[in-house]
Amino acid sequence: DTNYYHCVSRCTRHAFLLGVDQFYGRDYNHRRDWVEDRIKLLGQVFAIDVAAYAVMSNHHHVVLRVDVEKAQSWTLDEVIQQWHRIYKGNFISRRYLAEGSLPLAE
């Protein structure tokens with residue numbers, strides 16, 4: 001129905017994503033840059049535009065737009081290559097890219 005999505009991810013058990021944990025006195029502010037960099041990287045790699053985000057002490061929000069045209073324009077090889085920019089893939093995906101095809105069973 002829409003290409004825009006508001007997503008929320010919350011920490012559990014009083015865990016802190018960033019800020020100073022009032023229960024244990026630990027400072028987790030060093031995580032902010034890592035979380036922001038990861039959100040931006042994921043937006044570059046996948047057919048998703050990050051319209052907005054907010055990183056809070058125990059949760060984060062992202063407003064995302066699915067770029068349908070970009071997603072539909074990618075070949076299977078491009079989808080796998082984009083995935084491999086973030087994850088190492090598995091034996092089958094790496095072999096497919098190296099050999100250009102797979103046996104039917106795989």
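Predicted model: local features only at pLDDT ≥ 70, side-chain atom pairs only at ≥ 80, totals over all residues.
## The pairing of α3 and α4

Two packed helices are described by the angle between their axes and the distance between the axes. Helix α3 covers residues 76–86 and helix α4 covers residues 91–99; their axes come within 11 Å and cross at roughly 125 degrees. The two helices are therefore oblique to each other, and their crossing is left-handed.

On the α3 side, the residues that take part in the contact are Leu76, Asp77, Ile80, Gln81 and His84. They meet Ser93, Arg94, Tyr96 and Leu97 of α4. Sorted by class, this contact comprises four nonpolar, three polar and two charged residues.

## Arg95 in helix α4

Helix α4 also contains Arg95. Is this residue buried or exposed? Arg95 has a relative accessible area of 19%, and because buried means under 20%, Arg95 counts as buried.

When residues up to four places away in sequence are not counted, Arg95 touches Gly100, Leu102, Pro103 and Glu106.

## The largest nonpolar core

In soluble globular proteins, nonpolar side chains tend to be buried together. In this model, the largest nonpolar core has seven residues, namely Leu17, Leu18, Val35, Ile39, Val55, Val62 and Leu64. Two or more residues of this core come from each of α1 (31–45) and β3 (59–66).

Leu17 belongs to this core. With neighbours within four places in sequence left aside, the contacts of Leu17 include the core members Val35 and Val55. Leu17 is also in contact with Cys11, Tyr28, Arg31, Met56, Ser57, Asn58, His59 and His60.

Technical notes. Residues numbered from 1 in each chain as written. Heavy atoms only, no water. Axes fitted to C-alpha atoms, helices over the stretch in contact; angles between N-to-C directions. Helix = DSSP H or I, 4+ residues; strand = E, 2+ residues; numbered from the N terminus. Parallel < 35°, antiparallel > 145°, perpendicular 65-115°, else oblique. Left-handed = near helix turned anticlockwise from the far one by under 90°. Contact = heavy atoms within 4.5 Å. Nonpolar A, V, L, I, M, F, W, Y, C, P; charged D, E, K, R; others polar. Buried < 20%, exposed > 50% of the residue type's maximum accessible area, 1.4 Å probe, protein only. Core = buried A, V, L, I, M, F, W, Y, C linked by side-chain atoms within 4.5 Å.
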